[in-house]
Amino acid sequence: MKQDSNIPYKIYLEESEMPKSWYNLRADMPVKPAPLLNPETFEPMTAEELGTVFCDELVKQELDNETAYYPIPQEIRDFYKMYRPSPLVRAYCLEEKLNTPAKIYYKFEGNNTSGSHKLNSAIAQAYYAKNQGLKGVTTETGAGQWGTALSMACAYLGLDCQVYMVKVSYEQKPFRREVMKTYGASVTPSPSETTNVGRKILEEHPGTTGSLGCAISEAVEAATSQEGYRYVLGSVLNQVMLHQSIIGLETKAALDKYNITPDIIIGCAGGGSNLGGLIAPFMGEKLRKEKDYQFIAVEPASCPSLTRGKYAYDFCDTGKVTPLAKMYTLGHGFIPSANHAGGLRYHGMSSVLSELYDEGLMEARSVEQTAVFEAAKMFAQVEGILPAPESSHAIRVAIDEALKCKETGEEKTIVFGLTGTGYFDMVAYGKFNDGEMSDYIPTDEDLQPGFDSLPEIPNQ
């Protein structure tokens, strides 16, 4: 490995250099994301209406399109210090393996017990719930990273935590659910018989492996039917993008420390939390016309909300108990295949990222599962970290872009988000290693029922 003498293998910020505020990208967006709508009146959701589901402070953050920076409470900053700042790593070994002139960096968010970036928002949402005097929170989880992170945060703050885990992931990742239980959370496979909406989904889709949309429906019902509980979400919403901006703020500070300017910034995209957090300060510069970057969102070909979805108002959940969000969506009735990128199996996309994509400010690519695991295996062998399947979507496109540089001779600087580790994803790795993994790409006919489920919005 030939190392650049000017750039360390890992760039760490000092504790004193950690961001003290979150960045709200919406403040710099000339065209704001469309507001959440009440599904009964089709009017923008009010703070009072959202307050029946979410914590009061989180509602404020959700609706605020103007405040650029939110100070991070000291208690949250103290918690962050247990695992932040996270390292920005120069992928020297991967560069050598690819024989590319490109410079590759990854922001590694897997250096905490939850194994992913999700803890950044979990502790914030749990903190505001605790401050409001609530008993506990409910949530959904796909691959399990969010549920694990929230169970950790709730244990730290003494809150009850109820998790509805997508059934396919519940069965594929038993160790992930046991970590949640170890931290005191109750974990229910979704859809389940424990809620009205779960029973309805099972009746309409017998034998379904579930989806994030299903699990959201159950978690919202559980929150609204128990006194002293609120629902919290690990992705998609504006408030989550806000908390996750710490990823991008740290990344930018680390790059600036060594006068490094990235050309391409890449992140995997399911609901959009890590991608939105990673690109936030860079996109802000682009919107303010200070600098220009190429942004690439990477999603699974089996659940292609950006690349094949429609930009429309839709329910955020399968059971239609949530507000309507304008986003790129495959339709709340879309049930994705039981692929292994569990955390990316969501029918829609963040309204913030959807608006940016619609304006042509970022690109989107869909990649097939076997190609993703080929990239994951190469990365693990040369960089020494077993990446999560979700993160490996970003690795796939980072490798593709580095190989393009090899062909053209361009020395581009590529940054991607390594959102977490894959040590609880060994069923998926096993299927890949044994040649049992297949690629599923939905046909237009497969997608049509989801599009048919889109609600009709007056005057839209």
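User: R396: buried or exposed?
Analyst: R396 counts as buried, because its relative accessibility is 13%. Buried means under 20% relative accessible area, exposed means over 50%, and partly exposed lies in between (1.4 Å probe, protein chains only).

User: What kind of model is this?
Analyst: This is a predicted model: local features need pLDDT of at least 70, side-chain atom pairs count only at pLDDT 80 or more, and totals for chains, interfaces and linings use all residues. Residues are numbered from 1 along each chain as its sequence is written, and side-chain values use heavy atoms, with hydrogens and water left out.

User: Back to R396. What does D400 form with R396?
Analyst: A salt bridge, with the closest N and O atoms 3.0 Å apart. The term means a side-chain nitrogen of Lys or Arg within 4 Å of a carboxyl oxygen of Asp or Glu.

User: Where do D400 and R396 lie?
Analyst: Both lie in helix α16, four residues apart, about one turn of the helix. Helices (H or I, at least four residues) and strands (E, at least two) are DSSP runs, numbered from the N terminus. D400 is partly exposed, as its relative accessible area is 27%.

User: Which residue does K404 bridge to?
Analyst: K404 forms a salt bridge with E401, the closest N and O atoms being 3.1 Å apart. K404 and E401 also sit in α16, three residues apart. K404 is partly exposed at 41%. E401 counts as buried at 5%.

User: What else meets R365 in a salt bridge?
Analyst: The side chain of R365 meets that of E401, at 2.6 Å from N to O. That pair links distant parts of the chain: R365 is in strand β14, E401 is in helix α16 (residues 389-408), and they are 36 residues apart. R365 counts as partly exposed, at 21% relative accessibility.

User: How many salt bridges does the structure hold?
Analyst: The structure holds 21. R84, K107, E109 and E250 are linked in a network of them.

User: New topic: the sheet. What is the strand order?
Analyst: The order is β1-β4-β5-β15-β10-β11-β14, in an open sheet of seven strands with mixed pairing. Two strands pair if DSSP finds at least two bridges between them.

User: Which are the edge strands?
Analyst: They are β1 (10-11) and β14 (363-367), and each pairs on one side only.

User: How do β10 and β15 run?
Analyst: They run parallel, with three bridges joining β10 (residues 264-268) to β15 (residues 413-418). In β15, V415 is the bridge partner of I265.

User: And how many bridges do β10 and β11 have?
Analyst: Five, in the parallel sense. Here I265 stands opposite F295 in β11. Strand β11 (residues 294-300) is mostly covered, with six of its seven residues buried.

User: How many residues has the largest nonpolar core?
Analyst: It has 74 residues, and W22, L25, Y80, M283 and M362 have the most contacts inside it. A nonpolar core is a set of buried Ala, Val, Leu, Ile, Met, Phe, Trp, Tyr and Cys residues joined through side-chain atoms within 4.5 Å. Helix α5 (residues 119-131) gives the largest share of this core, eight residues. Apart from it lies another core, of 34 residues, among them L94, L98, A376 and F416.

User: What is M283 in contact with?
Analyst: Leaving aside neighbours within four places in sequence, M283 is in contact with L25, F295, L356, L361 and M362. Contact means heavy atoms within 4.5 Å.

User: Now helix α12. How many of its residues are buried?
Analyst: 15 of 15, so α12 is mostly covered.

User: Where is the kink in α12?
Analyst: At A280, shortly before the proline P281, with a bend of about 55°. The bend at a residue is the angle between axes fitted to the seven residues ending there and the seven starting there. Helix α12 (residues 273-287) reaches 19 Å from its first C-alpha to its last, close to the expected 21 Å. That expected span is 1.5 Å times one less than the number of residues. Just after α12, K289 takes a positive phi of about 60°.

User: Why is α10 called largely enclosed?
Analyst: Because twelve of its 13 residues are buried. They include L212, C214, I216 and V220. What covers them includes β6 (136-141), β7 (160-166) and α9 (196-204).
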